Amino acid sequence: MIKQRKIELLAPAKNLECGIEAINHGADAVYIGAPKFGARAAAVNSLEDIEALVQHAHLYHARIYVTVNTILKEEELKETEEMIHALYRIGVDALIVQDMGITKLNLPPIPLHASTQMDNRTPEKVKFLWEAGFRQVVLARELSLREIKKIHENCPEVPLEVFVHGALCVSYSGQCYVSQACFGRSANRGECAQFCRLPFSLVDADGKVIVKDKHLLSLKDMNQSDELEQLLDAGASSFKIEGRLKDVSYVKNVTAAYRQKLDAIFARRPEYVRASSGTCNFEFKPQLDKSFSRGFTHYFLHRRDKEIFSFDTPKSLGEEMGTVKEIRGNYLTVAGLKSFNNGDGVCYIDEQGRLQGFRINRVDSNKLYPQEMPRIKPRTTLYRNFDQEFERVLSRKSAERKIAVRMLLADHHFGFSLTLTDEDDNSFTITLLREKEPARTPQTDNLKTQLSKLGNTPFAAKDIEISFTDNWFLPASVLADFRRQAIDRLITARRINYRQELSVWKPTNHAFPQTTLTYLGNVMNTRAASFYQEHGVQQVGAAYEKEAVEDAVLMFCKHCLRYSMGWCPIHQRVRSPYKEPYYLVSNDGKRFRLEFDCKNCQMKVKVAQ
């Protein structure tokens, strides 16, 4: 008997529409912002919308996780507690949280998941969180395959959630304070000012400019679509797509792409099974490079390399299409294998290294007629960052998700019965009291045809059996009403039989991996401090947002500019021609000192003194 592990595809939702489409396009779970206190302040949702999403998801036995993953002020705790009870009452499956103060509230039996904002990157931390009561742990994006496997081997019972697609924060999540320091907008409070996407110049200790006006902290977007099987074998159970600020077409396309990838793996690896019900049929071909991206990277999954950064632009490049062949009066010709559409958006990097773009008015074979002719040179690479035709397809209904159902129509002494059994073995039988009437012609095919008309219901007939003792006649209108009643009852049965996980939070006192917490612990309130003290932490510092720390490290980055320039003394063994320390200088004159911690393979960013 093969031991099976349920695997979850976890998609983002900015709002109800995105959440419903994530489910329709194959998500096993969706994470969505709460009415307050989520790490994306611009993506909040009403309780009514979250409840509607819960109802839709649970029909497919998919789950809804709500983000309550900011650090909380003392005066916000009571409101947070009331909100959590409201979320539990509407059927939310789990909360993704950062602030340990939440664990000290009067909580309903709702599971808590440990947000990546908790900086989860060691077996010791993951084990601690599991023993404290967290039911799933979201790992840091920077972890390698080897590190994920080590955590799984040390904590085999813990469901591990890993990011597989989308935007990358250059600092370890939960360990970035530069937005708060520079703009008074805390990333740990859901108000990140996107400091890492700004342009900077890199200068050395003597003031020599090494690089001028580049996006030196901007990373490409993660894409692990070809690494899913390795991640499964390393121990990952939940595959998370980033994007709670992305639009609905992004959610549709990316969710569908990963659904197809995972289903192909499950078809040949029976030890892995999907975590929800239904099969998706798509009206389009999912293509990841057609949705927002700054170019793709595996980040640090296998090794450190130079393919992680996007210094020229923090904006979407899209898919590479070809190169400019020649420029004529009002058009340009392109050499490439892909075709453009009227209305496409095109971009390119100009000779100064800046992103430029234009909209195509008309396409004639390999000739592009822009709305306005760009200043562009031959042999320039062109990217399509808006595919008019692809977006048009996605603007309509682009997927159906159907639950397989078996149907048995039988006769009995008082009339007929119809039994429906779905793929999760939910079953319901209804009876029709009706006098039997012999048919003049064979009815089996006609009855099957009528029963298979499941239309806009969430079901698709997998097998239909007619078990009659004679060739009985049933009018189409009677059979349609009979079928509708049975489907309604089956939907009710699925909702009733949905198993919502319950988890009662119990006090614990096992030792936290550290005995001292600085501002890096993000402790904003007394209840969070109390939690750590009860778990052996002797000194608990205040959060940076509460009490600024002089000469604090504002960003902890696995991304290293010394490595990016080719001067890493460990990996490249090349001496830099410039004098350290190096500084990042923003366009408004702010200076940030770079420190390199080679022992831990990190770059640290501090305000220059």
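Strands are DSSP runs of E, at least two residues long, numbered from the N terminus. The legends below use that numbering, and the model they describe is predicted.

**View 1. Tyr 348 sits in strand 17.** This strand covers residues 345-349. Is Tyr 348 buried or exposed? Its relative accessibility is 4%. The cut-off for buried is under 20%, so Tyr 348 counts as buried.

**View 2. The surroundings of Tyr 348.** Residues up to four places away in sequence are not counted here. Tyr 348 touches Arg 354, Leu 355, Gln 356, Gly 357 and Phe 358, among others. Its contacts also include Pro 374, Arg 375 and Ile 376. Thr 380, Thr 381 and Leu 382 are touched as well. Asn 385 lies 37 residues from Tyr 348 in sequence. In space, the two are 9.8 Å apart, C-alpha to C-alpha.

**View 3. Helix 1 packs with helix 2.** Helix 1 spans residues 16-24, and helix 2 spans residues 47-59. The angle between them is about 10 degrees. Their axes are 9 Å apart. Angles under 35 degrees count as roughly parallel, and the two helices are therefore roughly parallel to each other. From helix 1, the contact uses Leu 16, Gly 19, Ile 20, Ile 23 and Asn 24. Helix 2 contributes Asp 49, Ala 52, Leu 53, His 56 and Ala 57. By class, this contact has 6 nonpolar, 3 polar and 1 charged residues.

**View 4. Helix 1 is largely enclosed by the rest of the structure.** Of its 9 residues, 7 are buried. Which residues of helix 1 are buried? They are Leu 16, Cys 18, Gly 19, Glu 21, Ala 22, Ile 23 and Asn 24. Their cover includes strand 1 (5-13), strand 2 (29-33) and helix 2. Helix 8 (248-268), strand 13 (279-282) and strand 21 (399-412) are also part of the cover.

View 5. Along the principal axes, the C-alpha atoms fill a box of roughly 100 × 75 × 45 Å. Buried residues make up 56% of the 609. Take the contacts between residues at least 6 apart in sequence: 69% of them join residues at least 24 apart. The chain exposes about 27,400 Å². Carbon and sulfur atoms supply 46% of that area.

Notes. Residues numbered from 1 in each chain as written. Predicted model: local features only at pLDDT ≥ 70, side-chain atom pairs only at ≥ 80, totals over all residues. Heavy atoms only, no water. Axes fitted to C-alpha atoms, helices over the stretch in contact; angles between N-to-C directions. Helix = DSSP H or I, 4+ residues; strand = E, 2+ residues; numbered from the N terminus. Parallel < 35°, antiparallel > 145°, perpendicular 65-115°, else oblique. Contact = heavy atoms within 4.5 Å. Nonpolar A, V, L, I, M, F, W, Y, C, P; charged D, E, K, R; others polar. Buried < 20%, exposed > 50% of the residue type's maximum accessible area, 1.4 Å probe, protein only. Areas by Shrake-Rupley, 256 points an atom, 1.4 Å probe, with all protein chains shown as cover.
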